[in-house]
Amino acid sequence: MKAYSTITMGIKDDIALLTLNRPDKLNALNAQMRAEITDACGFAGRHARVLVLTGSGRAFCAGQDLSDAGNAASLDLERVLRDEYVPMLHAISECPIPTIAAVNGAAAGAGANLALAADVVIASHTAYFTQAFTRIGLMPDAGGTYWLPRQMGAAKAMGAALFAERITAEDAAAWGMIWEAVPDMEFDSKWRARAAHLASGPTEAYRNLKSALRASWGNGESAQLDLEAKLQGACGQTRDFKEGVVAFLDKRKPFFEGR
Ligand code: LHQ
């Protein structure tokens with residue numbers, strides 16, 4: 001495992017745990033952190049069966065480090081987004097294994113949208129999300145204009161972007177923006193249990209269902225039905241499918257190897 005300076009990364013029991021680790025800056029993203037997240041997600045996709053992203057300290061991620069390189073206002077935003085944010089966001093959204101954002105605290109700006117790039121977002125009750133961008137004269141980026149309308153619907157997405165208010169974890173769950181909000185006391189055990197569930201599941205089926213669900217945004221019905229047939233055909237070739245059927249007929253719990 002590589003040594004990282006802005007994140008920590010470990011793999012145990014097939015679960016890769018990537019922790020954003022600049023707690024004094026509320027885990028704000030600088031160039032080094034973007035590169036390290038991109039690298040670590042690629043590594044996780046090759047060596048683990050589920051990836052969890054979380055934050056150290058009291059925040060999940062405060063978005064772009066506004067003190068980076070002296071002054072964020074001097075950054076070439078288009079270049080930074082294209083060359084550094086896009087690869088990082090794709091490394092999460094296109095990771096072949098299931099990804100969980102375990103949002104432990106504030107998720108602001110690109111930090112909120114980093115979480116939305118994951119497959120499943122689990123937030124503690126003290127966590128909140130804010131499309132903070134307009135507060136500093138920007139528009140949502142890092143995938144916000146893509147994910148928000150798809151997850152919350154157009155009306156909530158527009159309000160979230162324009163008002164840049166804090167959206168509580170419970171509202172985020174009620175609006176369909178995230179999978180679930182859980183009481184702080186149960187937060188750790190809940191995301192760990194979810195991660196363990198996915199790490200012992202049919203990894204190839206997960207990979208294929210992720211591809212299909214993501215492709216559905218751009219596909220018509222016929223193309224999507226064709227894609228399902230193709231990907232299900234691939235699932236049908238796995239040892240996990242055979243095991244799943246045998247276990248069902250034997251009336252026992254399946255043991256999925258992930259292939
Ligand atoms: C921070 C940050 C931060 C540096 C807290 N940077 N230090 C933009 C430009 C370039 C390319 C691409 O895209 C982007 C996308 C973006 O992400 S723009 C949006 C950037 N993020 C924000 O505007 C959020 C800024 N942060 C906040 O609004 C607050 O800190 C939140 C609401 C997250 C938390 O508030 P509090 O709990 O009251 O904490 P705090 O404000 O006191 O922050 C604690 C420390 O963290 C503080 O440092 P200090 O030395 O005073 O203790 C902050 O300066 C630092 N910090 N966010 N993004």
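Residues are numbered from 1 along each chain as its sequence is written, and side-chain values use heavy atoms, with hydrogens and water left out. Because the model is predicted, local features need pLDDT of at least 70 and side-chain atom pairs count only at pLDDT 80 or more, whereas totals for chains, interfaces and linings use all residues.

The shell around the ligand holds 23 residues, each with a heavy atom within 4 Å of the ligand. Arg58, Ala62, Gln64, Leu66 and Asp141 come nearest. By class, the shell has 14 nonpolar residues (Ala, Val, Leu, Ile, Met, Phe, Trp, Tyr, Cys and Pro), 6 charged (Asp, Glu, Lys and Arg) and 3 polar (the others, Gly among them). Helix H2 (residues 77–93) contributes the largest share, 3 residues.

An N or O atom in the side chain of Asp141 is 2.7 Å from a ligand oxygen. On its own the ligand has 1000 Å² of accessible area (Shrake-Rupley method, 1.4 Å probe), of which the protein covers 66%.

The whole structure contains 0 disulfides (pairs of cysteine sulfur atoms within 2.5 Å). For Cys41, the nearest cysteine sulfur is that of Cys95, 5.9 Å away. The sulfur of Cys235 is 17 Å from the closest cysteine sulfur, also in Cys95, which is too far for a bond.

Technical notes: A polar contact is a pair of N or O atoms within 3.5 Å; within protein, one must be able to donate a hydrogen and the other to accept it, and residues adjacent in sequence count only if both atoms are side-chain atoms. Helices (H or I, at least four residues) and strands (E, at least two) are DSSP runs, numbered from the N terminus.
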